[in-house]
Amino acid sequence: MSRSAHPAGPRHADVLPEGHYAAPPVDLNAIEPKVWSRTVTRDAEGALTVAGIGVRELAETFGTPAYVLDEADFRARCRAWREAFGAGADVFYAGKAFLSRAVVRWLADEGLNVDVCSGGELATALAGGMPPERIALHGNNKSVAEITRAVEAGVGRIVLDSFQEIERVAAAARRHGTRQRVQIRVTVGVEAHTHEFIATAHEDQKFGLALADGTAAEAVRRVLRLGDDLELVGIHSHIGSQIFDMAGFEVSARRVVGLLTAVRDEHGIELPEVDLGGGLGIAYTAEDDPSEPHEIGKSLGEIVAKECEAAGLTVPRLSVEPGRAIVGPGAFTLYEVGTVKPLTGLRTYVSVDGGMSDNIRTALYDADYSVVLASRSSSAPPMLARVVGKHCESGDIVVRDAYLPADVAPGDLLAVPATGAYCRSMASNYNHTPRPPVIAVADGRAREIVRRETEDDLLRLDVG
């Protein structure tokens with residue numbers, strides 16, 4: 001449920017003032033398909049299952065909290081994105097959403113590329129077997145060591161983010177005796193998030209080189225002057241995150257094509273690639289309504305083709321960078337309830353054995369999530385609940401406002417869907433809490449692809 005739909009109020013739905021709260025779900029045991037991976041269902045006893053494995057078995061085998069990732073769902077979304085854009089385009093999985101060696105192997109199997117934005121992500125992509133030419137390196141402040149490793153590995157693309165970086169990448173390529181393929185990241189003056197976008201002066205950010213003041217055009221000149229070391233293959237743009245409205249991409253594409261036209265007119269060359277970035281949204285709650293990959297592919301392809309036709313340009317090869325849209329819906333976080341604390345006239349606080357150390361997004365972004373009772377079904381009436389973590393912070397909230405059965409008790413398992421993106425990537429050891437494992441499930445089998453941290457892991461880094 002949307003946070004704004006649930007101000008503080010009574011515990012049970014049947015005494016809520018009419019119109020003051022969003023109505024609770026008709027069936028608290030129902031599974032809303034768009035926020036769960038495709039193999040999630042309930043068994044005969046009402047327990048959640050994924051890929052044929054029950055959550056109680058997962059909890060007994062691997063413990064809680066745990067991220068549970070549906071491999072078949074992940075692979076199916078990779079295929080959907082690849083098919084939506086076809087052979088004439090490139091799909092780069094945004095590794096910052098979640099990356100592991102197993103995930104890299106799945107990506108390589110399904111024909112996707114990967115973009116990385118740190119030395120650690122690059123190391124993971126290489127260790128997972130991604131061919132270097134299918135790797136792109138991002139970042140607003142890449143170190144000389146990161147640039148050097150990328151050049152030496154032979155990555156297919158480095159996205160340049162500043163004048164200083166142009167010189168650094170050229171120097172690394174020169175030392176290595178190679179010509180590095182690069183794109184220039186431009187700030188197009190469009191900011192898009194969720195359901196709205198603003199097409200004004202949004203150059204005030206750390207990423208990219210601004211179009212409006214000519215900085216991007218000057219970057220093109222500098223790269224072309226270093227043509228022995230750098231091969232300028234295209235322009236990169238990224239306008240936001242959790243985007244549902246394609247209008248922002250239309251404005252961005254128009255401005256990027258405007259730069260391509262200016263490059264042609266000034267330098268007599270047509271750049272062969274355009275990357276419109278990622279940021280496509282997913283459903284975290286039933287109220288969210290994201291587009292399907294084939295709709296996005298058709299829309300972006302038509303936008304770029306239309307703008308290029310108007311400018312008299314050859315249509316460049318299009319790239320996109322979905323991360324959340326691939327891994328987000330395919331995972332959920334499994335928790336065990338520890339404490340249930342009713343607050344008379346307000347709500348019930350349900351405390352679980354994880355929290356902001358495994359999902360910082362609610363505290364950081366005020367993000368909305370759904371939650372269900374996972375270990376059994378219940379016929380109890382709904383109660384307005386706040387699912388909170390075990391950390392020593394009042395802002396340690398997992399799901400701000402949701403309806404759960406009123407008989408939720410210690411020992412029950414709860415599942416929070418759509419946690420595949422950013423939750424493990426942004427996880428921390430706050431309160432010296434070991435980070436949860438990532439459990440991959442497929443065809444009735446489960447395995448750790450990222451193991452649970454232990455206290456020994458924490459102490460190993462403490463040199464005392």
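The legends below describe close-up views of a predicted model. Residues are numbered from 1 along each chain as its sequence is written, and side-chain values use heavy atoms, with hydrogens and water left out. Because the model is predicted, local features need pLDDT of at least 70 and side-chain atom pairs count only at pLDDT 80 or more, whereas totals for chains, interfaces and linings use all residues.

**View 1**
Helix H9 covers residues 293–311, helices being DSSP runs of H or I with at least four residues, numbered from the N terminus, and strands being runs of E with at least two. The 19 residues of H9 should span 27 Å at 1.5 Å a residue, and the end C-alpha atoms are 27 Å apart, which agrees; the expected span is 1.5 Å times one less than the number of residues. Among the buried residues of H9 are Pro293, Ile296, Leu300, Ile303 and Cys308, where buried means under 20% relative accessible area, exposed over 50% and partly exposed in between, with a 1.4 Å probe and protein chains only. The buried residues of H9 pack against helix H2 (71–85), H8 and strand S16 (317–320), contact meaning heavy atoms within 4.5 Å. Gly312, which follows H9, has a positive phi near 75°.

**View 1. Two nonpolar cores.**
A nonpolar core is a set of buried Ala, Val, Leu, Ile, Met, Phe, Trp, Tyr and Cys residues joined through side-chain atoms within 4.5 Å. The largest one has 109 residues, of which Phe85, Tyr93, Ile184 and Leu300 touch the most other members. Helix H8 (residues 247–267) gives the most to this core, with 8 residues. Apart from it lies another core of 22 residues, including Val40, Val50, Ile53 and Val68.

Strands S23 (residues 438–442) and S24 (residues 445–450) pair in the antiparallel sense over 5 bridges, pairing being assigned if DSSP finds at least two bridges between two strands. Ala442 stands opposite Arg445 in S24. Between the strands of this hairpin there are 2 residues, and Asp443 takes a positive phi near 50°.

**View 2. Cysteines.**
With a disulfide defined as a pair of cysteine sulfur atoms within 2.5 Å, the count comes to 0 disulfides. Cys117 is in no disulfide, the nearest cysteine sulfur being that of Cys423, 16 Å away. Cys117 counts as partly exposed because its relative accessibility is 35%, whereas Cys308, at 0%, counts as buried.
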